[in-house]
Amino acid sequence: MKTNIALQHKQSAHHTNMILEQLTHDNEKHAYEINRDDIPEKWVDTAATIMEMTDYGLENNLIGHTFLARIDDKYVGFIMVGEALPWDTDPIEMKGIPFYRIMGFVVDKEYRNRGLGGELLEKAIEQVYQEFGRRSLALGVHKDNTQAGRFYERHGFKRMGVFEGDDEYYLRLI
C-alpha cells in the first residue's frame, strides 16, 4: 500500500506545474525540440505537420487548440484537440454529429512513464471543453502502436475495429 501511495504522490508532484501553451509560430521551435526519435511519423504526425494543421484550423475558423506542454522551462509534449472535419472512414457512431479529433500527441521520451501523458491529454481535453463545449472524441492509433492503444483505453477510449489506413479508431463518447 505504501508503494501505491508513494507512486501516486510522486506522480502528483509532476501534476502541479504543467502549463499548456497554444502552439503558434512564435513558439513552434519548442515543438521541434521534443525528443520523439523513437516514434515513427506513420504513428504520429511531425511537429511541422501539426503546425500546418493548426494553421488550417485557424484559417478555416475550426474550434479547438494545439497545445505545447511545459514543465518549468522544459517543453515536454504537444497535442491537438480540434473540431473534426468528417472523413469517409469515420465510424458510424461519429457520422453526422460534431466531435473533436485528437492528433499529433507526443510526449518527450525522457518524460514518459511518469503520468505526464495522461495529464497532458486530460488537461488539453478539459481546456477545449471549457472554451468550446463538450463533444465526443476520436483518434487513430497505428495498428503496431499497442502501447498507445492501451494508454487510450485507460483514459476511457474504446477500440472500434474500424480503420483509416493502418490507424484504428478509438472513441470516447459523451
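In the predicted model, Thr-66 touches Glu-21, Gln-22, Leu-23, Ile-50, Thr-54, Ile-79 and Met-80 when residues up to four places away in sequence are not counted; contact here denotes heavy atoms within 4.5 Å. Thr-66 belongs to strand β2, which spans residues 64–71. Helices (H or I, at least four residues) and strands (E, at least two) are DSSP runs, numbered from the N terminus. With a relative accessibility of 4%, Thr-66 counts as buried. Buried residues have under 20% relative accessible area and exposed residues over 50%, with partly exposed residues in between (1.4 Å probe, protein chains only). The side chain of Thr-66 also makes a polar contact of 2.6 Å with the side chain of Thr-54. A polar contact is a pair of N or O atoms within 3.5 Å; within protein, one must be able to donate a hydrogen and the other to accept it, and residues adjacent in sequence count only if both atoms are side-chain atoms.

Residues are numbered from 1 along each chain as its sequence is written, and side-chain values use heavy atoms, with hydrogens and water left out. Because this is a predicted model, local features need pLDDT of at least 70 and side-chain atom pairs count only at pLDDT 80 or more, whereas totals for chains, interfaces and linings use all residues.

Nine salt bridges are present in the structure, a salt bridge being a side-chain nitrogen of Lys or Arg within 4 Å of a carboxyl oxygen of Asp or Glu. One of them pairs Lys-74 with Asp-108, with 3.6 Å between the closest N and O atoms. This pair links distant parts of the chain, 34 residues apart: Lys-74 is in strand β3 (residues 74–83), and Asp-108 is in the loop between β4 (99–107) and α4 (116–132). Lys-74 is partly exposed, at a relative accessible area of 29%, whereas Asp-108 is buried, at 1%.

A salt bridge also joins Glu-122 and Arg-172, whose closest N and O atoms are 3.0 Å apart. Here the partners are 50 residues apart, Glu-122 lying in helix α4 and Arg-172 in strand β7 (residues 167–172). Glu-122 is partly exposed at 29% relative accessibility, while Arg-172 is buried, with a relative accessible area of 16%. In a further salt bridge, the side chains of Lys-143 and Asp-166 meet at 3.5 Å, N to O. Lys-143 is in the loop between β5 (136–142) and α5 (146–154), and Asp-166 is in the loop between β6 (158–164) and β7, 23 residues apart. Lys-143 counts as partly exposed at 48% relative accessibility, as does Asp-166 at 39%.

Asp-38 occupies the loop between α2 (28–33) and α3 (47–59) and is partly exposed, with a relative accessible area of 39%. Neighbours within four places in sequence aside, Asp-38 is in contact with Lys-109 and Arg-112. The side chains of Asp-38 and Arg-112 are joined by a polar contact of 2.7 Å. The C-alpha atoms of Asp-38 and Asp-108 are separated by 9.8 Å, although these residues are 70 residues apart along the chain.

In helix α5, Ala-148, Gly-149, Phe-151 and Tyr-152 are buried. Seen down the axis of α5, the buried residues fall within an arc of 160°, so they line one face of the helix; the arc is that of the directions from the helix axis to the C-beta atoms. Gln-147 and Arg-154 are exposed on the other side of α5. The cover over the buried residues of α5 includes β4, α4, β5 and β7. Just after α5, Gly-156 adopts a positive phi of about 85°.

The largest pocket has a volume of about 1000 Å³. Its lining comprises 39 residues, of which Val-44, Phe-105, Asn-145, Ala-148 and Tyr-152 lie nearest the centre. The elements giving two or more residues to this lining are β4, α4, β5, α5 and β7, and β4 supplies the largest share, seven residues. On a 1 Å grid over the protein atoms alone, a pocket is an open set of points where a 1.4 Å probe fits, with protein on both sides within 12 Å along at least five of seven lines; lining residues have an atom within 4 Å of a point. Grid points are joined across faces, edges and corners, and a volume is the space filled by probe spheres set on the points.
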